Amino acid sequence: MTEDDFDALYQILADPKVMQHYPNTFDEIGVRNWIARNMERYRIFGFGLWAVCLKETGKMIGDCGLTMQLIGGQIKMTAAIVLIAAVIVWAMKMKPMRAAV
């Protein structure tokens with residue numbers, strides 16, 4: 001994830017419907033800080049969040065990956081998923097694909 005992902009990530013993080021289970025939506029500064037923190041995690045820890053993109057179009061639909069978070073006064077590794085595929089699919093009025101069983 002880089003600054004090049006700003007527009008797509010802003011569409012996700014600023015959308016109240018997408019962020020309904022998160023404490024808040026993000027404005028432009030918040031999204032730029034989100035990206036900067038992620039890039040800083042790569043510099044410090046060697047890993048961070050990845051952009052999740054649709055294979056067919058390359059459109060970013062969220063992010064996921066390992067991240068370090070301050071939890072209970074300690075820095076701990078956590079798995080983070082801000083993958084909004086269901087909402088994106090709904091918004092695009094596409095039928096979700098069923099997994100083959």
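Tutor: Start with a definition: helices (H or I, at least four residues) and strands (E, at least two) are DSSP runs, numbered from the N terminus. Axes are lines fitted to C-alpha atoms, for helices over the stretch in contact, and angles run from 0 to 180 degrees between N-to-C directions.

Student: Fine. What kind of model is this?

Tutor: The model is predicted, so local features need pLDDT of at least 70 and side-chain atom pairs count only at pLDDT 80 or more, while totals for chains, interfaces and linings use all residues. Residues are numbered from 1 along each chain as its sequence is written, and side-chain values use heavy atoms, with hydrogens and water left out.

Student: How many helices and strands are in the protein?

Tutor: The protein has 3 helices and 3 strands. Their order from the N terminus is α-α-β-β-β-α.

Student: At what angle do helix 1 and helix 2 pack?

Tutor: About 120 degrees, with the axes of helix 1 (residues 6–13) and helix 2 (residues 28–45) 10 Å apart. Helix 1 is therefore oblique to helix 2. Angles under 35 degrees count as roughly parallel, over 145 as roughly antiparallel, 65 to 115 as roughly perpendicular and the rest as oblique.

Student: Which residues make that contact?

Tutor: Helix 1 supplies Phe6, Leu9, Tyr10 and Leu13, and helix 2 supplies Glu28, Val31, Arg32, Trp34 and Ile35. Contact means heavy atoms within 4.5 Å. By type, the residues of this contact are 7 nonpolar, no polar and 2 charged. Here Ala, Val, Leu, Ile, Met, Phe, Trp, Tyr, Cys and Pro count as nonpolar, Asp, Glu, Lys and Arg as charged, and the others, Gly among them, as polar.

Student: Take Phe6, then. Buried or exposed?

Tutor: Phe6 is buried, at 7% relative accessible area. Buried means under 20%, exposed over 50%, and partly exposed in between (1.4 Å probe, protein chains only). Not counting residues up to four places away in sequence, Phe6 touches Glu28, Val31, Arg32 and Ile35.

Student: And Met1, where is that?

Tutor: Met1 sits in the segment before helix 1. Met1 is buried, with a relative accessible area of 16%. Leaving out residues up to four places away in sequence, Met1 touches several others, including Leu9, Trp34, Leu49 and Met60.

Student: New topic, strands. How do strand 1 and strand 2 pair?

Tutor: Strand 1 (residues 49–53) and strand 2 (residues 60–71) pair in the antiparallel sense over 5 bridges. Two strands pair if DSSP finds at least two bridges between them. Trp50 stands opposite Cys64, and Cys53 has Met60 as its bridge partner.

Student: What lies between the two strands?

Tutor: Strand 1 and strand 2 form a hairpin with 6 residues between them, and Gly58 in the turn has a positive phi of about 80 degrees.
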